[in-house]
Amino acid sequence: MERTDIKSLKREELCREMEALGEKKFRADQLYQWMHKKLAGSLEEMTNLSQELRRRLGEQYEYICLEIVEVQRSQLDGTCKYLFRLPDGHVIESVLMRYRHGNTVCISSQAGCRMGCRFCASAIGGLVRSLRPSEMLEQIYRIQKDIGERISNVVVMGTGEPLDNYDNLLTFLGLLSDENGLHISQRSITVSTCGIAPRIRSLAEEELSITLALSLHAPTQEKRRELMPIAVRYELPEVLDACAYYFRRTGRRITFEYSLVGGVNDSREDARLLAALAKPIHSHVNLIPVNPVTERGYVQPEKGVIRAFKEKLEEYGINVTVRRELGQDIDGACGQLRRRYLEG
Ligand code: SAH
């Protein structure tokens, strides 16, 4: 029989499990603290629990910890890429970015991805499987332990489509922001989606204060469909309606992510149309010069074109930033480290 993954249990669930084992409530609190606050790497570390209890926990539950396979550190800006091994042997990657305002970790929500975006390295091998809440948390826990500094921001923008792993994502968000765990403010957590409209609507109703980012990448349905197969299923108007609903319901501004691809979506007309989409829902636009994909001939626009695109949006009164490219000297782009490892 498969053992329950104890680190994925919500607080109330853990209390009930411990009660069923005949343990007092404060034992559940201690165990929760070891897992989610002290970030214990094993049951053996939990020295204020009796050996007998640790033995029983080990028999009945699975204690998930990720193993660091490789860390690449950028000499340019301190960005670190972590390659982790999951208990079943699959590998995933996470990125640590060091900003003046704190440490941000970008996590994967799935091993592989089935969304198939044309410019994305994570799409190449398809979906292996979704990650459990513990496996999403562990990426942050192991990195915090590794650097000995607090992680203050989390972005779910690594490999995978978080809204394609909805229930696990919600449990993960609850545990991560819980005051008895790392207590990362929901305002400091961003979830990025390729645009699964009905799930954006559900997320709006979860009473969370996280930031939602939509990977838009094109200002028209026709262009978007060329870059992102998911756009065939959920067309642009439907996705934008869901975003407007999210903003109305939560009061949280949405970020539109827009990968600029030379000659594909970087014209003045594209900027004008993008501004018209962003304006009514007060969304912030984050421009990402595309990480080149040689197989498809996708290249970054010239620097001047990027600047002009940004200025055009600003003329229309749009709040816009160009993502700083961190970790250029390491396998910086989405899914590249994992790809190299799998192909190696
Ligand atoms: N599935 C989610 C989150 C993972 S992708 C989503 O689609 O939002 C994180 C972001 O990186 C997305 O905006 C994605 O479109 C973008 N991205 C992927 N490959 C890229 C590349 N080669 N260049 C620039 N951005 C890329």
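This text walks through a predicted model, from its sheet to its ligand and then to its charged pairs.

Start with the sheet. Ten strands form an open sheet with mixed pairing. Their order is β3-β4-β5-β6-β9-β10-β11-β12-β13-β14. Strands of a sheet pair through backbone hydrogen bonds, either parallel or antiparallel. At the edges stand β3 (67–73) and β14 (320–322). Each has a single partner strand, so one side of each is left without a neighbour in the sheet. From one strand to the next, the twist averages 25 degrees.

Now look at one pair inside that order. β5 and strand β6 (residues 102–106) run antiparallel to each other, joined over five bridges. Leu96 stands opposite Val105 in β6. A helix also meets the sheet. Helix α10 (residues 268–278) packs on it, touching β12 (255–260) and β13 (284–289). The direction of α10 makes about 165 degrees with that of β12.

Next comes the ligand. For Ser259, a polar side-chain atom lies 3.0 Å from a nitrogen atom of the ligand. For Asn291, a backbone N or O atom lies 2.9 Å from a nitrogen atom of the ligand.

Turn to Asp164. Asp164 lies in the loop between β9 (151–156) and α5 (166–177). Is Asp164 buried or exposed? Its relative accessible area is 15%, under the 20% limit, so Asp164 counts as buried. The side chain of Asp164 joins that of Arg114 in a polar contact of 2.6 Å. Leaving aside neighbours within four places in sequence, Asp164 is in contact with several residues, including Gln110, Met115, Leu127 and Ser130. Ile196 and Arg199 are also among its contacts.

The structure holds 23 of them. One of these joins Lys7 and Glu138, with the closest N and O atoms 2.5 Å apart. Lys7 lies in the loop between β1 (4–5) and α1 (11–20), and Glu138 lies in helix α4 (residues 133–147), so the pair ties together parts that are 131 residues apart in sequence. Both Lys7 and Glu138 are buried.

Arg56 and Glu23 form another salt bridge, at 3.9 Å from N to O. Arg56 sits in helix α3 (residues 51–60) and Glu23 in the loop between α1 and α2 (25–36), so this pair ties together parts that are 33 residues apart in sequence. Arg56 has 23% relative accessibility, so Arg56 counts as partly exposed.

A further salt bridge lies between two strands. Lys81 pairs with Glu93, the closest N and O atoms being 2.4 Å apart. Lys81 is in strand β4 (residues 80–85) and Glu93 in strand β5 (residues 91–99), twelve residues apart. Lys81 and Glu93 are both buried.

Which residues are linked in a network of salt bridges? They are Glu62, Asp88, Arg129, Arg132 and Glu135.

Note on methods:
Residues numbered from 1 in each chain as written. Predicted model: local features only at pLDDT ≥ 70, side-chain atom pairs only at ≥ 80, totals over all residues. Heavy atoms only, no water. Salt bridge = Lys/Arg side-chain N within 4 Å of Asp/Glu carboxyl O. Helix = DSSP H or I, 4+ residues; strand = E, 2+ residues; numbered from the N terminus. Buried < 20%, exposed > 50% of the residue type's maximum accessible area, 1.4 Å probe, protein only. Pairing = 2+ DSSP bridges. Axes fitted to C-alpha atoms, helices over the stretch in contact; angles between N-to-C directions. Contact = heavy atoms within 4.5 Å. Polar contact = N/O pair within 3.5 Å; in protein donor to acceptor, adjacent residues only side chain to side chain.
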